[in-house]
Amino acid sequence: MSNAVVIDHPLIQHKLALLRDKDTGPKEFRELANEIATLMAYEVTRDLPLKEVEIETPIKKAKFKMIEGKKLGIVPILRAGLGMLDGVLKLIPTARVGHVGLYRDPETLEAVEYYCKMPTDVSERDLIVVDPMLATGGSASAAISFVKEKDPRSIKLMCLVSAQVGIDRVKKDHPDVEIYTAAIDEKLNDHAYIVPGLGDAGDRLYGTR
Ligand code: URA
C-alpha cells in the first residue's frame, strides 16, 4: 500500500522519463519540471468545491458550476521546490505563495528552519507544499511541521519522484497530509538518493554541484 496518489498520466510519464535522463540540461530540466507540475496540479485540485452560478450565454441564461471561493497557497520547499512553482501557478494563478527553507544541523542532524514566510491569511488557505524529491521524508516532514505552526486550513504534498520510505515517514508524522507523486521508485542508495531517481534535483535545475 503506497499511501500516496500516483499521478501517472502518459504525458507525465513521458516528461518524467526525459527529466530523469542524465543528458537533459538545466534549461530543459526546468521546463519539464514545471510542465509536470502543471499537469499534476490538475489532479491535485480535482476535489476543489464548486458552486452553482447563473451565466447568460449568447443564447440563454442557465446554471453552471464555478470554483467556490476556495483560497489556495503554494509552498515550495527551498530550493528545489522552486522548480515546480511556476508550473503550479500557471494553473492556479491567484494562489498566494509561501516559502519554507531548512537545513540539516551537521552535529544534531536535526532539520533547522532558516526561513518560513506564509501568506498573511494562511489560516484560511489550503496549502500545496511542493518538493520534487521525497527521499527519506525527513526534510519534507520537518518542513510540513514548520508550516503547520502557521496554522493553515489544510496541507497537501506534491512531489515528482518518491521513495516508499519517504512516503511512509511523512504519513506517519502527518497522517492528515495527502501525498501526490508522479512516480514511486525502487529504493534509496547509501547517500539517501532515490534509485533510479534523477540525481540531485536542485543541482540539475540550477546547474550547480
Ligand atoms: N534529493 C534529490 O535531489 N535527489 C534525490 O535523489 C534525493 C533527495
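His174 lies in the loop that runs between helix 5 (164-173) and strand 11 (178-185). The model is predicted. His174 has a relative accessible area of 4%. That is under the 20% cut-off, so His174 counts as buried. Its side chain has polar partners. One is the side chain of Ser145, in a polar contact of 3.3 Å. Another is the side chain of Lys148, joined to that of His174 by a polar contact of 2.8 Å.

Which residues of helix 4 are buried? They are Gly138, Ala140, Ser141, Ala142, Ala143, Ile144, Phe146 and Val147.

Now go to the ligand. It sits in the largest pocket. Which residues are around it? They are Met133, Ala135, Ala192, Tyr193, Ile194, Gly199, Asp200 and Ala201. By class, this shell divides into six nonpolar residues, one polar and one charged.

At Ile194, a backbone N or O atom lies 2.8 Å from a ligand oxygen atom. At Gly199, a backbone N or O atom lies 2.8 Å from a ligand nitrogen atom. At Ala201, a polar backbone atom is 2.7 Å from an oxygen atom of the ligand. Taken alone, the ligand exposes 240 Å², and the protein buries 81% of that.

Look next at the chain that carries part of this shell. Ala192 is one of the residues around the ligand. Its place is in the loop between strand 12 and strand 13. Is Ala192 buried, partly exposed or exposed? Its relative accessibility is 33%, so Ala192 counts as partly exposed. Here the protein chains alone count as cover.

His191 is placed in the loop between strand 12 (187-188) and strand 13 (194-195). At a relative accessible area of 64%, His191 is exposed, because the cut-off for that class is over 50%. His191 and Leu127 are 64 residues apart in sequence. In space, their C-alpha atoms are 30 Å apart.

The bond runs from Val195 to Pro196, with omega near 0 degrees. Pro196 has its place in the loop between strand 13 and helix 6 (201-206).

Another cis bond is found elsewhere. The peptide bond from Leu78 to Arg79 is cis, with omega near -5 degrees. Where is Arg79 placed? Arg79 is in the loop between strand 4 and helix 3.

Gly81 is also placed between these elements, in the loop from strand 4 (72-76) to helix 3 (82-91). Gly81 has 0% relative accessibility, so it counts as buried. How far apart are Gly81 and Asp131 in sequence and in space? The pair is 50 residues apart in sequence, but 4.2 Å apart in space, C-alpha to C-alpha.

Two further sites complete the tour. Ala62 is found in strand 3, which covers residues 61-67. With 22% relative accessibility, Ala62 counts as partly exposed, because that value falls between the 20% and 50% cut-offs. Ala62 and Glu52 are 10 residues apart along the chain. Their C-alpha atoms are separated by 10.0 Å.

Asn3 lies in the segment before strand 1 (5-6). Its phi is near 70 degrees, which is positive in a residue other than glycine. Asn3 is partly exposed, with a relative accessible area of 34%.

Methods: Residues are numbered from 1 along each chain as its sequence is written. This is a predicted model: local features need pLDDT of at least 70, side-chain atom pairs count only at pLDDT 80 or more; totals for chains, interfaces and linings use all residues. Side-chain values use heavy atoms; hydrogens and water are left out. A residue is near a molecule or strand if one of its heavy atoms lies within 4 Å of it. A polar contact is a pair of N or O atoms within 3.5 Å; within protein, one must be able to donate a hydrogen and the other to accept it, and residues adjacent in sequence count only if both atoms are side-chain atoms. Accessible areas come from the Shrake-Rupley method with a 1.4 Å probe; for residues, only the protein chains shown count as cover. On a 1 Å grid over the protein atoms alone, a cavity is a set of points where a 1.4 Å probe fits but cannot get out, and a pocket is an open set with protein on both sides within 12 Å along at least five of seven lines; lining residues have an atom within 4 Å of a point. A molecule sits in a cavity or pocket if more than half of its atoms lie within 2 Å of its grid points. Ala, Val, Leu, Ile, Met, Phe, Trp, Tyr, Cys and Pro count as nonpolar, Asp, Glu, Lys and Arg as charged, and the others, Gly among them, as polar. Helices (H or I, at least four residues) and strands (E, at least two) are DSSP runs, numbered from the N terminus. Buried means under 20% relative accessible area, exposed over 50%, partly exposed in between (1.4 Å probe, protein chains only).
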